[in-house]
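Thanks for coming. I have one structure to go through, so let me put it on the screen.

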Amino acid sequence: MNYARFLTAVSAARKPSPIRILTELQQRSPPSLISLAGGAPNPNTFPFQSASIKVKGGEALVMDEPLMKRALQYSGSYGIPELLSWMKDLQKSLHNPPTAGYSSERGQMEMCVTTGSQEGLCKIFEMLVNSGDNVLLDAPTYSGTLAALQPLGCNLINVASDQHGMIPADLRKILERWDPADAQKPGSSVPRVLYTIPNGGNPTGASMTCERKQEVYELARKYDFLIIEDDPYYFLQFQKVSSSDLSLYSQRPWAPTFLSMDVDSRVLRTDSFSKILSSGLRIGFITGPKPLVERVVLHIQASTMHTSTFTQLMVSQLLHNWGPGGFLKNKLIYILDGFLSFSPVCFVDVAEWHPPMAGMFLWIKLKGIKDTQQLIMERALEKEVLLVPGGVFNINSSDPCPYVRAAFSLSTPQQIDEAFRRLADLIKDAM
Ligand SMILES: Cc1ncc(COP(=O)(O)O)c(CNc2cc3ccccc3n(O)c2=O)c1O
């Protein structure tokens, strides 16, 4: 793969930070090394001495004095080694990416820790998207992605989707505007990036089938574009997995990921611990070709420097205590029966929806309502119910949109029923 043609001028201009090189050199050196190089503060001056964090149903995480000094100090921009190696093992076990065995030049699988997958997305977009570029994505889509992409001045091209995710036939029809042979030509307008949320889409709850992913990947090969697989709801797929035995993952009932079919090293995958361990800890991961992950890390060096060392160490201790099998056993059970059995009678005559396949959202079309913005932002609060008007998930948020997004992660089944009873009243009043 010729990655140079995918980089923005800003990303191509980034150079390794000399200070960060020294930090990483020091971290790889024996304790006998005396460094007068890095401008790191002396942890003996820090007020925090140790910590013990109680874990539900498991052993406490202990940070004794030496570990606390490390936790409070600068660390490497890729992420701390023990967390990265744990995640690399998990990615290889779950997705068996062809790129794991590639050379660096061929796009060997590499990873870095990000401060939430939101940071990862933001830095990936800054690396790949120039003003005026054509970017493919299924809409509606995550409003945080639109917020990161639209200020870059790119041209967002909406690929139709349904309850099974992006529709390859529509993507093919869009791409027929271009000759694939032009893709590598300088100044070509052939799209170079496709963004999608393959599981438990936000806001739709839709998940892509294996067949659709394969068709999209073949189109990516034909027109030579990169795929950004934003998958924070991967572990929130409702089809139960019978075993936490990693070796069985190749037969798991879930559709394979784009990462697992990436023979060309053209997939950048963002994962997140927000929906399964903690959203406030801000831990995400990028998995992708080494030449591209390296450039994201250069941006991290010049911005956040690295994700909190303390947070990374805390999560790493938990994951090592659980082991990969324990992690999957602990975190794959995410069934909100209350919502999945959701079918309040009061609601079916005023709205329609598809049951979500994963994630935490329901995408609801309100019958007889042209645009939900005013209904939700002005009238819903009177009825003491709040949802997100669907327009915020569309490329043109001012276009009328009859949908609302409901999140079912924070409410009890009883609260959900009551909320929809109130919404049904609101819709009937409005009609
Ligand atoms: C598809 C997709 N990709 C990336 C992210 C970012 O997750 P991170 O790993 O935590 O950075 C998200 C998070 N989505 C949301 C976050 C959120 C935070 C506060 C309040 C509301 C929020 N609502 O509504 C959201 O949908 C997502 O849905």
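First, the ground rules. This is a predicted model, in which local features need pLDDT of at least 70 and side-chain atom pairs count only at pLDDT 80 or more, while totals for chains, interfaces and linings use all residues. Residues are numbered from 1 along each chain as its sequence is written, and side-chain values use heavy atoms, with hydrogens and water left out.

Start with helix H4, residues 81-95. Helices (H or I, at least four residues) and strands (E, at least two) are DSSP runs, numbered from the N terminus. The expected span is 1.5 Å times one less than the number of residues. For the 15 residues of H4 that gives 21 Å, and the end C-alpha atoms are 21 Å apart, so the two agree.

As background, an α-helix has 3.6 residues a turn, so residues three or four places apart point the same way. Just after H4, Asn96 has a positive phi of about 45°.

Now the core. A nonpolar core here is a set of buried Ala, Val, Leu, Ile, Met, Phe, Trp, Tyr and Cys residues joined through side-chain atoms within 4.5 Å. The largest one has 33 residues, and Leu83, Phe235, Phe273, Phe285 and Phe327 touch the most other members. Among the elements giving two or more residues to this core are H4 and helix H10 (309-331). H10 gives the most, seven residues.

Next, the largest pocket. On a 1 Å grid over the protein atoms alone, a pocket is an open set of points with protein on both sides within 12 Å along at least five of seven lines, and lining residues have an atom within 4 Å of a point. Points are joined across faces, edges and corners, and volume is the space filled by probe spheres set on them. The largest pocket holds about 870 Å³. Of its 31 lining residues, Thr23, Gln26, Gln27, Tyr74 and Ser75 are closest to the centre. Helix H2 (18-27), H3 and H4 each supply at least two lining residues, and H2 has the largest share, with seven.

Key:
Buried < 20%, exposed > 50% of the residue type's maximum accessible area, 1.4 Å probe, protein only. 1 Å grid on protein atoms, 1.4 Å probe; cavity = no way out; pocket = protein on both sides within 12 Å on 5 of 7 lines; lining within 4 Å.
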